[in-house]
Amino acid sequence: MQYYENGYRPGDPEVRPALTLEASSEVLPTQVDVLVVGTGPAGAVLSAQLSEFEEITTLIVERNAEPLKLGHADGVACRTVEMFNAFGLADRLIREAYAVNETVFWRPDENQRENISRSGRVKDVAEGLSEYPHLIVNQARLQEFLFEKMRKNPSRLAPHYGVELLSVEDTGHGDYPLRAQLRRGGEAGGEFTVNAKFVVGADGARSIVRRSLGIKLEGDAKNHAWGVMDILATTTFPDIRFKAAIQSADGGNILLIPREGGHMVRLYVDLGKLNPADREARNRFTSEQLIDTARRIMHPYTLEIKEIAWWSVYEVGQRLASRFDNVNAESPKDALPRIFIAGDACHTHSAKAGQGMNVSMQDAFNLGWKLAAVLRGQSPHCLLRTYSQERQIIAQELIDFDTKWSKTMSTAPKDPNHPEAGGMDPEEVQAQFVQGGRFTAGFGTKYTRSLLTGDTEDQALAAGFPVGERFYSSPVTRIADARQIGLGHTAKADGRWRLYAFADHDASGQSPKFDALMEFLAQDARSPLKMFTAPGSAIDSVFDLKGIFQGSHTETTVAHLPAVLLPRVGSLQLTDYEKAYCSELEDGQEIFEARLVNREHGALVVVRPDQYVAQVLPLTATGELTEFFSAFMNPALVQA
């Protein structure tokens, strides 16, 4: 963590100086850059990201009268923990959460089918997928971490509760063309108008923003009910602190998820088919029915409920919006999006794959940096077209995966004595879980070639950083102080592009290609650092350049570094010593080997602000580098 660049200041270094006096929660602005509707996972991530930028005015409204206290989502995928690290929150998240290490599988006992017995176990996250675990934590706590982060930023951004969106429309006029009609204090409260440049609906499955756009969630209900309950209980079931998939012979199935805190457990309980003609059937279930069903499934083990923290019954179904913004088929070809939807507002699914909250947050992480780039004048408005183009495809992949996994979890196990009855072999349940492991860990996303994602012509130079996939962090040693740190952990949620330059190594032990690239980036007028960084701004305000050298920090010291890797920062123009790293470690696999980076030629890995690899290029491909950024960035002279 870096601070003091603008002079010594006592106290918590995470609390940055406020721009102005904190705004009253009673007075809402009437004109903002971005109006965020909803404080769920997507709204929280988006708002936290926008709060990083002092010059962007953001208003966050939430129809509920107070912050969420008991979250309904709880699974935090490894990829999401990686994202939280960019906000400086991963360690705190890990400290409070339950870490899922193994998943166990139970099925009807071969000798007594009325009982269940353990049939297998696997690592919950396959070896080598991430340095972070799969976590379980209360959604309300996760959101509060993000809100605390916002309150520490200079804008002191905070949500306004008890404010309901009634409608939003694009007037097409002025710098703030969106007119949002809101109401404070419920139906008896007063209505008022907010004008905005952009509106983002993170307001759930019944999204008012989506309805204002005339977009429907398309899909079908599966007419199958599942109960979910968070309980404090005592039990003789031996795997109560493992994630467990339990199949009973005829009582249904359970997905068991241990919760944070060491005592609470979540049970997803199979309640069977619903009559599609009886729309009230789901509402007639009681908590006692959930408990009785859970006890039958877990027989012969006992389950004594001490307290139910929360319970509900939901109907399995998957629905998806055809687009995630206000540009439709009838819009002019040059139409630019201004209204967006994210999270449950544009895709809904079952909870058992544990992906709804995670994909929702990744929606927001994708959109946030793009909004910031446009509002700050770094990119043209057309950049925002890529949000719906990229995330709608990912949501469809989630729907497809969830449909398959929900069917698996709802299918009765095969009875060897009655094979004609059908069902699923318990071994197949375990096999499907393993096959879907990459997706459930959050690593199913791969962006294809587009404005923001290059081709794979030079992928072999850094095969361990696949283009279109998230940047896989590996440990390096910081040259200035010998600290070992994950290279990806140095990236913040600050809207900057990352340029990771891996040095070449010739027969004489020199790095001529790397040296030439550093000279180009620092001095050449065609350098992205020169072309797209506004005059007077810090040289790393748009691009965060990192150099990774082969060998030891005792061989390449600070004295050997080019000036571009020792930039001056802050009002005091102090030296930033955290731009240069070496590959040699005291223990562990060094990064050139781990990520299959070509030692002879080196490589330049270009990474998007949302941590996805955009390009792998030769160190000599300076023209291609500038051409790539020129497609979606404004030259510095026209920046706002």
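The report below takes these topics in turn.

## Overall build

This is a predicted model. The protein chain has 14 helices and 27 strands. Its C-alpha atoms fill a box of roughly 75 × 65 × 50 Å along the principal axes.

The radius of gyration is 26 Å. A compact globule with 640 residues would come out near 26 Å, so the chain agrees with that expectation. Buried residues account for 55% of the 640 residues.

## Annotated C-terminal region

An unreviewed UniProt entry places the feature "domain: Phenol hydroxylase-like C-terminal dimerisation" at residues 445-635. Over residues 445-635 the chain is 15% helix and 19% strand. The end C-alpha atoms of this stretch are 31 Å apart.

## Largest cavity

Rolling a probe the size of a water molecule over the atoms shows where empty space is left. In this structure there are 7 cavities of 30 Å³ or more. The largest cavity has a volume of about 170 Å³. Its lining comprises 19 residues. Phe471, Gly488, His489, Ala491 and Gln611 lie nearest the centre. Two elements give two or more residues to this lining: helix 2 (78-86) and strand 21 (497-502).

Helix 2 gives the most to the lining of the largest cavity, with 3 residues. By class, the lining of the largest cavity divides into 7 nonpolar, 5 polar and 7 charged residues.

## Second largest cavity

The second largest cavity has a volume of about 120 Å³. It is lined by 15 residues, and those closest to its centre are Gln355, Val359, Gly442, Gly444 and Thr445. Helix 2, helix 7 (356-375) and helix 8 (385-410) are the elements that give two or more residues to this lining.

Helix 7 gives the most to the lining of the second largest cavity, with 3 residues. The residues of that lining divide into 6 nonpolar, 7 polar and 2 charged.

## Cysteines

The disulfide count is 0, with a pair of cysteine sulfur atoms required to lie within 2.5 Å. The cut-off for buried is under 20% relative accessible area.

## Backbone exceptions

Most residues other than glycine have a negative phi, and most peptide bonds are trans. Where does the model depart from trans? The peptide bond from His299 to Pro300 is cis, with omega near 15°. Pro300 lies in the loop between helix 6 (287-297) and strand 16 (303-321).

Arg156 has a positive phi, near 50°, and is not a glycine. It sits in the loop between helix 4 (139-152) and strand 8 (160-161). Arg156 counts as buried because its relative accessibility is 18%. Gln573 also has a positive phi, about 55°, without being a glycine. Gln573 is found in the loop between strand 23 (568-569) and strand 24 (574-575). At 44% relative accessibility, Gln573 counts as partly exposed.

Notes. Residues numbered from 1 in each chain as written. Predicted model: local features only at pLDDT ≥ 70, side-chain atom pairs only at ≥ 80, totals over all residues. Heavy atoms only, no water. UniProt positions renumbered as here; feature names shortened; annotations may be inferred. Helix = DSSP H or I, 4+ residues; strand = E, 2+ residues; numbered from the N terminus. 1 Å grid on protein atoms, 1.4 Å probe; cavity = no way out; pocket = protein on both sides within 12 Å on 5 of 7 lines; lining within 4 Å. Points joined across faces, edges and corners; volume = space filled by probe spheres on them. Nonpolar A, V, L, I, M, F, W, Y, C, P; charged D, E, K, R; others polar. Rg over C-alpha atoms; globule rule 2.2 N^0.38 Å. Buried < 20%, exposed > 50% of the residue type's maximum accessible area, 1.4 Å probe, protein only.
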